[in-house]
Amino acid sequence: MSGKTHLSPAKSYRLLQYLNRRHAALERLLLAAAAYAGCLAVTGRPGLARHLSREFWSDSFKDGLRRAYWYASRGWPGLGSPDSDPFFCFSDGLPLSESRNLARWVNRRAHRLPPRIAALNRLTAQAQVVHQAALEQNQRLAASTLAAFLDDADRLLERLKTDRAHVPTPAPPGNAGISSANNSLSGDFARDDAEVTLQDVARLLPLNAWRWTALSGTFLGLFREGDFLAHDFDIDLGLPAQDTDLGRMRNILKNSGRFESVHTEYQYRLRVSPAGIRVTSVPVLVKAVHRTGIAVDFSLLHQEEGVWWHGSKAHRWDHTPQEFVDYQLRGIRILGPRDGDRYLTECYGDWRTPVRNFTCSSGRRNLVVVHNLMGVCLFLTRLLWHLSNGDTAGYDAVQRQMLQQRLLLRGDHHGLVRMNRHWFDD
């Protein structure tokens with residue numbers, strides 16, 4: 001690789017707590033004005049500046065701050081590092097007109113960035129254009145941008161294959177994709193606030209009626225340590241998709257006076273047929289922020305083709321179906337997988353060894369590619385992330401997953417892989 005690209009996401013719960021909480025109108029106004037002026041100065045594009053400004057005005061401080069940093073690290077004067085926060089989907093939420101503006105700006109700035117990061121930026125911008133064009137029935141733009149996306153992805157894969165051959169560092173032991181540095185058990189997660197939040201969930205959504213279960217990091221803390229993880233950032237719960245009345249649940253949380261922000265996240269499904277390119281959406285997640293600042297992710301557990309899965313816009317985690325049984329977390333009754341060892345092994349591999357520096361985009365063993373272009377971009381980013389950390393085993397594991405799902409196909413006898421042009425076909 002030409003120079004070392006170090007991609008190392010980092011979080012602080014206290015910062016997230018500040019970003020998640022409700023902010024006063026004056027604070028939102030000042031930051032919205034600063035965001036507009038700063039983004040306009042950096043990008044020269046009023047539409048992008050308005051979008052960023054609206055995020056702060058609508059109290060979406062976390063996404064607004066991440067997007068502002070993304071612009072600042074890629075535009076002049078080059079504040080920050082373009083290789084930080086690698087899994088942030090910076091094009092998410094943009095309408096078609098601004099998606100196209102973003103794609104043009106990304107192309108204009110490409111020569112100032114490390115080539116692999118510039119290529120990923122271009123792909124992520126193109127992905128949003130394809131999705132939005134298909135939703136607006138602009139089939140010509142969707143088709144031409146999808147073809148460009150696939151060609152650009154093939155070129156990136158070829159470069160990554162060359163990079164892979166020149167990475168001498170062996171993979172670290174343990175969970176691939178998880179940094180072993182600074183794996184102290186100390187953390188700043190407000191576990192008492194999390195307890196209050198979970199008590200309110202139990203009161204507002206009685207367990208016998210809603211059947212919510214601990215998932216991911218919340219279940220890991222419960223099963224391994226009997227408590228919330230000290231270095232966690234939120235509460236992860238799951239509900240059966242087929243039995244959950246989303247509208248009713250959102251209304252209960254919004255009208256409770258205990259949750260300050262409630263919104264639903266959808267996952268796109270991209271399909272190509274002789275009739276054109278079609279995008280449909282599936283609800284996957286309800287994000288709710290408690291008045292303590294604790295965020296709760298209510299994941300919908302879908303059952304398909306012999307697995308149950310949950311996810312986000314670009315993520316999907318598959319699990320072997322199993323029964324949920326009663327557990328206790330800080331004296332609160334909660335459901336969880338009966339075979340906790342099997343569930344956690346599917347998620348994390350060696351779940352018994354505590355790991356602090358963790359990201360769900362690189363450290364989950366059961367992550368599969370979503371049938372949309374953001375999911376493809378996520379896996380391409382994972383390939384670069386592993387190489388940047390000298391983790392060739394992690395790189396090979398991600399590529400095997402992409403080959404197994406037939407997103408990638410083997411090319412010539414030199415081991416080159418390429419995008420499957422028919423992966424999105426109906």
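Is the crossing of α13 and α14 left-handed or right-handed? Bear in mind as you look that this is a predicted model. Select residues 373-388 for helix α13 and residues 392-404 for helix α14. Their axes come within 8 Å and cross at roughly 160°. Anything over 145 degrees counts as roughly antiparallel, and α13 and α14 therefore run roughly antiparallel to each other. As for the handedness, the α13/α14 crossing is left-handed.

Now show side chains where the two helices meet. On the α13 side, pick Phe379, Leu380, Arg382, Leu383, His386 and Leu387. Facing them from α14 are Gly394, Tyr395, Val398, Gln399, Gln401 and Met402.

The charged end of arginine 382 sits over the ring of phenylalanine 379, at 4.8 Å from the ring centre. For another arrangement of this kind, jump to arginine 28: its charged end lies over the ring of tryptophan 57, 4.6 Å from the centre.

Next up, the aromatics. How many aromatic pairs does a search of the whole structure find? The search turns up 15. Start with tyrosine 18 and phenylalanine 61: the ring centres are 6.4 Å apart and the planes stand at 65°, so this pair is edge-to-face. Colour helix α1 (residues 13-20), where tyrosine 18 lies, and helix α4 (residues 61-74), which holds phenylalanine 61; the pair thus ties together parts that are 43 residues apart in sequence. Tyrosine 18 is partly exposed, at 31% relative accessible area, while phenylalanine 61 is buried, at 2%.

For a stacked pair, select phenylalanine 219 and phenylalanine 223, with 5.4 Å centre to centre and 25° between the planes. Both belong to helix α10 (residues 216-225), and because they are 4 residues apart there, about one helical turn separates them. Is phenylalanine 219 buried or exposed? Phenylalanine 219 is buried, with a relative accessible area of 0%. Phenylalanine 223, by contrast, is partly exposed at 31%.

Technical notes
Residues numbered from 1 in each chain as written. Predicted model: local features only at pLDDT ≥ 70, side-chain atom pairs only at ≥ 80, totals over all residues. Heavy atoms only, no water. Phe/Tyr/Trp six-rings, centres within 6.5 Å; stacked < 30°, edge-to-face > 60°. Buried < 20%, exposed > 50% of the residue type's maximum accessible area, 1.4 Å probe, protein only. Lys NZ or Arg CZ within 6 Å of the ring centre and 35° of its normal. Axes fitted to C-alpha atoms, helices over the stretch in contact; angles between N-to-C directions. Parallel < 35°, antiparallel > 145°, perpendicular 65-115°, else oblique. Left-handed = near helix turned anticlockwise from the far one by under 90°. Contact = heavy atoms within 4.5 Å.
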